Amino acid sequence: MDLVEQIATDDEGPTKFEQALETVYNETAKTEFPVKVELDVSLQTGTATREYRFSPCETGTATGAVIVAGEKTERSEPEPEWDEQFFDEAPDPMFVQDEFGKFTDVNEKAAEKLGYSRAELLEMEAAEIDANVDQDDAQELLSKVKSNGQTIEIEGRHQCSDGSTYPVDVRVTPLETDEKDRFLSHARDITERKEREQRLKKLQERLDLAVDGAGIGVWDWDIETDEVIFNEAWASMLGYRRDELEFDFQIWEQLVHPTDLETATAALEAHMRGESEFYESEIRMQTKSGNWKWVWTTGQVVERDDDGEPTRAAGIHIDIDDRKQAELDVKRSERQFGAVFNDPQMLVGVLDTEGVVQRVNKTAVDSVPATREQIEGILFSETPWWNHDTALQNDVEQWIDRAVAGEYVEFESEHSLGDGERIIVSGSFRPVRDDDGEVVSVVASSRDITERRERERELREAKHRLDLALAGTETGVWEWNIETDELTWTESMKQLFGLEPGTFEGTLEAFAKRVHPEDRPGVERALETAAENDELYETEYRIQRDDGEQRWGYASGEVVEGDGPQKMVGIVTDITGQKRRERQLEMINEALEKLSYAKTTEEVAESVVDIANESLGVPLVAVSRYDDDSDKLVPWAATGQVLEQTGGDALDSLPAIPSGTEEMAVFRSGESKLVENYQLLDEAGAPGEPLRGCVMVPIGKFGMLIVASMQPDSFDSTDEDLISIIASNAEAAFERATREQALETYKDKLEESNKNLQEFAYIASHDLQEPLRSVTSYLALLESEYHDEIDQEGQFYIERAEDNASRMSSMISALLQYSRVESQGGEFVEVDTTEVVEKTLDGLGVLIDESGTDIDYDSLPRVTADKDQLGQVFQNLVKNAINHGGSPPEVDIHCKDIGDAWQFSVSDNGPGVPEAQQDRIFEIFQQATDKGDDSGESGIGLAICERIVSRHHGDIWVESDANGSRFNFTLPKRYTR
């Protein structure tokens, strides 16, 4: 039920309510607010008197109203008891019905109101006089009254005998009688109440439209529950829909700007304590988008409890963001104007539209011999700044007229001071407009730019001097006005870019299009960064000249601060030659790597010629070798063009350079020489050749590199440095090649010597066997033929001779085997090492059994090796371990992975090898102990192992202590799978 519907149906209540609203809407300018009205309102428990306070939303013509209700009294009226007299004399129509809705009695008021006689009504039913109720509805209502035993109130519409209708409020009550079921109906005409309600409803709608149209947010805060009720305008003010906010006071606190919350909360608490009649505050609230909006909020406590504590408050929110922003703009403008007006370097005055001075700043007053009172209030053209020159006065008046017409006028003028000094000022006349766009005043401002103009003059002169200094050089000067984008180049700058006079457009864009497309983004980025951050501008880029030639430029510059527009000034230097040298150096470095592949000095000389020819682009290149025997520089390598120039097709056709020539002098000095014109040399080595410019660079003790041209002055110091780099690397290459050639020669001789030694050892061991066999045979004949004749001492001598002969035979056989390790070794094939070890142990079975040796071995890897020689290594090492092992011997054979090789080991449990003998036991005919040799007592078995392992590119060594010895050897994996 809304506010209008709650107004009690007495005669005065609605009228007072309507009058209050009408006063708020129409009489606000004449009425003292707030308007107070006491009205009776209908409640569920009865009626109550409330005091209403009607206040406009804004001062002046109201666009809405805030209505605050306070409870006055509360009363409840009991229903009057029914009796016959009351029935007959009642002021309202009354009816008695039976259970079917037929009238059994009606009073006179009913007959009068409906236009029927009592007799006519007693023949009718209730449904016949109510336009909104049919017979079924009437009987259903009576049934409910009967079953509930209570009064039911409904609204209906009675129809009179003439067909007219009027609204009624009908109360149907069950009657307790001795007869059948009877019901009393009390019908009250509510036509006037309905009309008042309709009027109030329209007023309420007008009020709602006014509130919504004005964008006023309404809130109602239940302080006890902390619940806040608000309208759609309140939510939309912050960019929300009403259903998007579950609102309470804490949410409000979160939405208020932290800076404003303390002030707003303090004002609200003060009002709640009764210290102010209303609560109001200007606050910033956060919108849904995260921005802040200024809001004016006001309200009042409308209910308090018995202790005077507030229980309910209501109020409104009004969007004042535009007003606050306007205020901030005004303050900002005032501050800006104040900053300009009080600028100690600027003269500022405010003129009216007639040109009369209204106000001037202190700087302006101090600049002339006059007081403020002598300046303000007179025509600006007659002030001391202008009254000394009639022509200037005319100019000023024209400038003011143009400004009053709405034009922004800039000027520059020269003034003569009283002491004869002249100054130059630059300024403007700026029109000031009101809200309607009309010019209401003019702000005149100016500053002394005499010093700036003097600096510009000096700068022009300095620039002219610089242009003269740079004329003919490879450096250009540029100046960029960052604000206007004007780009100024010197003539040398234009020459660098290959521009004809008058063809440069003078903009940054015109410059950028002449930069190589790949370099352009970097150049533009470097310029922008330098301009924005006041940093040094420095970059390199390729220049695309209009004539098609491409050159390299190195640019640098910096921001120049001054009174005028911000500028950058810098230079561009042609570094095309430098870039070419850098590229040549890169090519030289890349080409010099080829020298490492040259094996002979002849190959080195040819590579040096190729490198100089390709990297320098020079066709005439030659390398000469110094011949110590003849004391001449003999041709070593040369380009084909050199041979063509001399008319030959081979190096033999080139002449040697003798002692006493300029070339030989350079060689002996060890220093390079740059020759501008070879034909001018007094002692040229080849005076008949048409050479001109050349560079001679010694290559250490080996010879000299000569690079020449058919044109004079073809080379510079940079070319000389590049050729010297080539020569320096050539010297190192010649040193390496010489050493490698010497080593190769020594290797060939060593291999030949080894081959001869092997052949000698084989022949010697073979030839020694024959006389040794003869000695052994004769000793055997001597023992068999003369056994009985030879005494015991003779027998001892014969046995010793036979033993020594046998030992020598074993040594000769071992020596023969040692010599064949390299010459008669087998091919490297894939070998199962475990299989090799097992076959070796089978061959040593008798020795193993007789000695009681315990042998343990792992699963060993497959390798690529000479199978027989690998077996010989294991045989010699195992036999050595048995002979020098403990009692009984224990032998372990193992292998481990050490990364790029396999490491095999054969260990024993013997006394070990003394440390002093560990390095020599692998030498031929050397033994670690006197217990016996490791292979037939020849002392050569470990030497054979060392030679076989060396042939397989491995290493062999021994590790020994008191617990035994371990012989290790390696086989590289690059020969294994």
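How many salt bridges does a search of the whole structure find? The search finds 48. A salt bridge here is a side-chain nitrogen of Lys or Arg within 4 Å of a carboxyl oxygen of Asp or Glu. This is a predicted model: local features need pLDDT of at least 70, side-chain atom pairs count only at pLDDT 80 or more, and totals for chains, interfaces and linings use all residues. Residues are numbered from 1 along each chain as its sequence is written, and side-chain values use heavy atoms, with hydrogens and water left out.

**View 1. Arg 241 and Asp 243 form a salt bridge.** The N to O distance is 3.3 Å. Asp 243 is exposed at 61% relative accessible area, while Arg 241 is partly exposed at 48%. (Buried means under 20% relative accessible area, exposed over 50%, partly exposed in between; 1.4 Å probe, protein chains only.)

**View 2. Salt bridges link Arg 545, Asp 547, Glu 549, Arg 551 and Asp 574 in a network.** Within it, the closest N and O atoms of Glu 549 and Arg 545 are 3.6 Å apart. Arg 545 is buried, at 16%. Glu 549 is partly exposed, at 33%.

**View 3. Arg 668 pairs with Asp 631 in a salt bridge, with 2.8 Å between the closest N and O atoms.** Arg 668 sits in helix 23 (662-669) and Asp 631 in the loop between strand 24 (620-627) and strand 25 (632-638), so the pair ties together parts 37 residues apart in sequence. Helices (H or I, at least four residues) and strands (E, at least two) are DSSP runs, numbered from the N terminus. Both residues are partly exposed: Arg 668 at 47%, Asp 631 at 23%.
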